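Could you walk me through this structure?

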Amino acid sequence: MKRSSITRRFSGNTTLIIGLMFLALQFVAIVFAPWIAPYSPENADPLNALQEPSLKHLFGTDVSGMDIFSRVIFATRINLLISVTAVAIAFAIGVPVGLAVGYYKGWFSSLAMRIFDFIQSFPVFVLGMVLVSVMGQEIWNVAIVLAVLFTPVFARLIRAEVLSLRERPFIAAARCSGAVDSTIMFQHILPNALTPAIVQISISIGMAILLTAGLSFVGAGVRMPTPEWGLMVSNGAQQMILGIWWVALFPGLAIVFSVLTFALLGDAAKQIFDPHSGSAS
């Protein structure tokens with residue numbers, strides 16, 4: 001796609017603008033959390049347990065007396081740190097592996113695909129629980145586990161594009177001109193194969209946020225007292241039946257908001273980079 005066409009899609013894309021605005025709000029929460037949050041996110045205050053939302057505690061307090069608003073703000077750091085790190089690792093590993101697997105034929109390609117088949121044959125959530133349980137419930141371990149789960153996704157996307165590109169006339173012309181395999185792969189094929197993987201980044205970050213929250217919800221992710229949205233929902237779910245709705249509601253809304261942000265950005269990326277998509281909304 002020509003650069004001028006991409007520029008036009010950027011400038012008139014309402015979905016992208018909304019997504020970037022939502023992302024900017026989360027970026028502000030990440031950077032300025034110590035100044036935005038009125039209380040410590042990890043200090044318990046049993047005397048103020050289960051306080052309803054008020055001017056003193058905007059989102060109320062949980063069963064330990066911790067301020068929910070402060071924990072939701074600080075949890076933005078944890079959830080996005082885990083999700084973005086996991087997807088970045090998966091992208092950095094999956095893209096070159098998918099490029100090599102798609103370009104070369106032989107035992108390496110077959111072995112890599114069988115490994116990917118093995119990883120993806122398990123339910124993602126169940127495999128994530130098992131790996132986190134084995135490695136330990138630490139923030140970086142959760143990120144590594146999610147990276148393992150998402151690497152096959154990026155590798156398969158790149159491989160599919162490489163398989164369709166490697167027999168094109170311009171690749172044959174590059175071979176005839178004396179270009180070596182590394183030049184053909186990284187200068188001619190990879191730039192033309194990256195679009196699906198770029199679109200997948202935002203989608204995968206949203207999925208990683210849900211998986212992180214889900215693992216913490218069932219007790220296989222981040223541990224207390226670390227502020228994390230899924231863990232906060234889990235702690236508040238038990239009080240919902242008693243009418244104490246605010247403990248689980250606000251972190252749940254934070255999950256929805258964050259996932260929606262990256263869904264919008266993923267949709268915008270598809271509109272911008274996919275020449276076959278319709279005009280930007």
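This is a predicted model: local features need pLDDT of at least 70, side-chain atom pairs count only at pLDDT 80 or more; totals for chains, interfaces and linings use all residues.

Residues are numbered from 1 along each chain as its sequence is written, and side-chain values use heavy atoms, with hydrogens and water left out.

The largest nonpolar core holds 57 residues. Such a core is a set of buried Ala, Val, Leu, Ile, Met, Phe, Trp, Tyr and Cys residues joined through side-chain atoms within 4.5 Å, where buried means under 20% relative accessible area (1.4 Å probe, protein chains only). Leu 146, Ile 189 and Trp 229 have the most contacts inside this core. The elements giving two or more residues to it include H4, H7 and H12; helices here are DSSP runs (H or I, at least four residues), numbered from the N terminus. H4 gives the most, with twelve residues. Leaving aside residues up to four places away in sequence, Leu 146 touches Ile 82, Ala 86, Ala 208, Leu 211 and Thr 212, contact meaning heavy atoms within 4.5 Å.

Now for the helix pairs. Two packed helices are described by the angle between their axes and the distance between the axes. Axes are lines fitted to C-alpha atoms, for helices over the stretch in contact, and angles run from 0 to 180 degrees between N-to-C directions. The axes of H4 (residues 68–103) and H12 (residues 246–273) come within 10 Å and cross at roughly 35 degrees. On the H4 side, Ile 68, Val 72 and Leu 80 take part, meeting H12 residues that include Trp 246, Phe 250 and Phe 262.

A second pair is H5 (residues 107–121) and H7, whose axes also come within 10 Å but cross at roughly 130 degrees. That makes H5 oblique to H7, since angles under 35 degrees count as roughly parallel, over 145 as roughly antiparallel, 65 to 115 as roughly perpendicular and the rest as oblique. Among the residues that meet are Met 113 and Phe 116 in H5, and Val 148 and Arg 156 in H7.

Finally, visit the loop between H3 (33–36) and H4, where His 57 is found. Is His 57 buried or exposed? His 57 is buried, because its relative accessible area is 6%. His 57 touches Tyr 39, Glu 52 and Asp 67, not counting residues up to four places away in sequence. His 57 and Asp 67 lie ten residues apart in sequence and 6.4 Å apart in space, C-alpha to C-alpha.

Note on methods:
Buried means under 20% relative accessible area, exposed over 50%, partly exposed in between (1.4 Å probe, protein chains only).
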